Amino acid sequence: MIRVLIADDHPLVREGLKQLLAATGDIRVEGEAADGDQALARVKANDYDLVVLDMSMPGLSGIELIKRLRVERPRLRLLVLSMHGEQQYAVRALKAGASGYLTKDSASAQLVSAGAGGDALPHSRLSNREFEVFRLLVAGEGPTDIAARLHLSVKTVSTHKTRILEKMEMESTAELVRYAVEKKLS
């Protein structure tokens, strides 16, 4: 059973998420929070497997909330559910430690699969530096250009690329690009 905390400042959204997740059978909503401070307090007091959180709530919220939750419970999965579809919000949330990022207009099936999936999205396994190299690779830059831009050696960039492919369980840069397009990371 996956234990979930829902953190959103809109009661209607929380109720809808509860019903959607409860219908899966293997997910149980064990807590709710109406703002970031409540979410942090609930995470400190209880043991959850997943927090579904809104990026924009009263009090502590957004990137700062993600960072604080990550410090409090490093292994806790954090799924951001936001009205912001812009890539920069997703990238910042993932860099801060979120396991995944969905927009509120995403299909409900995506939320259920992200919540029940157990494993975090492949790109969330990357370190901040690896994620930076990943983004440049999928943008079409080669190892030499990336090395110059990030002030690294070409060998270091190649090592990062190898680790990225291993961690994401992919064989080529083309697969990375396809993944980035599908997940709207590029």
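This is a predicted model: local features need pLDDT of at least 70, side-chain atom pairs count only at pLDDT 80 or more; totals for chains, interfaces and linings use all residues.

Tutor: The protein has nine helices and five strands, and along the sequence they follow the pattern β-α-β-α-β-α-β-α-β-α-α-α-α-α. Of its 186 residues, 41% count as buried.

Student: Why is Leu-69 called buried?

Tutor: Buried means under 20% relative accessible area. Leu-69 has a relative accessible area of 0%, so Leu-69 is buried. The residue belongs to helix α3. Leaving out residues up to four places away in sequence, Leu-69 touches Ala-39, Leu-40, Val-43, Leu-53 and Leu-78.

Student: What makes His-151 exposed?

Tutor: The term exposed requires over 50% relative accessible area. His-151 has 73%, and is therefore exposed. This residue is in the loop between α7 and α8.

Student: Why does Glu-169 count as exposed?

Tutor: The same cut-off of over 50% applies. Glu-169 has a relative accessibility of 64%, so Glu-169 counts as exposed. Glu-169 lies in the loop between α8 and α9 (173-182), and has a positive phi of about 55° although it is not a glycine.

Student: How do you know that the buried residues of α7 line one face of the helix?

Tutor: The buried residues of helix α7 (residues 143-150) are Ile-146, Ala-147 and Leu-150. Seen down the axis of α7, they fall within an arc of 100°, and therefore they line one face. The face turned away from this buried side carries the exposed residues Thr-144, Ala-148 and Arg-149.

Student: Against which helices do the buried residues of α7 pack?

Tutor: They pack against α6 and α8 (154-167).

Student: Why are α3 and α4 called roughly parallel?

Tutor: Two packed helices are described by the angle between their axes and the distance between the axes. Helix α3 (residues 62-72) and helix α4 (residues 87-96) pack at an angle of about 20°, with their axes 9 Å apart. Angles under 35 degrees count as roughly parallel. The two helices are therefore roughly parallel to each other.

Student: Which residues meet where α3 and α4 pack?

Tutor: From α3 come Ile-63, Ile-66, Lys-67 and Arg-70, which meet Arg-92, Ala-93 and Ala-96 in α4.

Student: Which residues are in contact with Leu-53, leaving aside its neighbours within four places in sequence?

Tutor: Leu-53 is in contact with Ala-7, Leu-65, Ile-66, Leu-69, Leu-78, Leu-79, Val-80 and Leu-81.

Student: How much of the contact in the protein joins residues 24 or more positions apart?

Tutor: Such pairs account for 61% of the contacts with a separation of 6 or more. As a separate example of distance, Leu-69 and Gly-97 are 28 residues apart in sequence and 8.8 Å apart in space, C-alpha to C-alpha.

Terms used:
Residues are numbered from 1 along each chain as its sequence is written. Side-chain values use heavy atoms; hydrogens and water are left out. Contact means heavy atoms within 4.5 Å. Buried means under 20% relative accessible area, exposed over 50%, partly exposed in between (1.4 Å probe, protein chains only). Helices (H or I, at least four residues) and strands (E, at least two) are DSSP runs, numbered from the N terminus. The arc is that of the directions from the helix axis to the C-beta atoms. Axes are lines fitted to C-alpha atoms, for helices over the stretch in contact, and angles run from 0 to 180 degrees between N-to-C directions. Angles under 35 degrees count as roughly parallel, over 145 as roughly antiparallel, 65 to 115 as roughly perpendicular and the rest as oblique.
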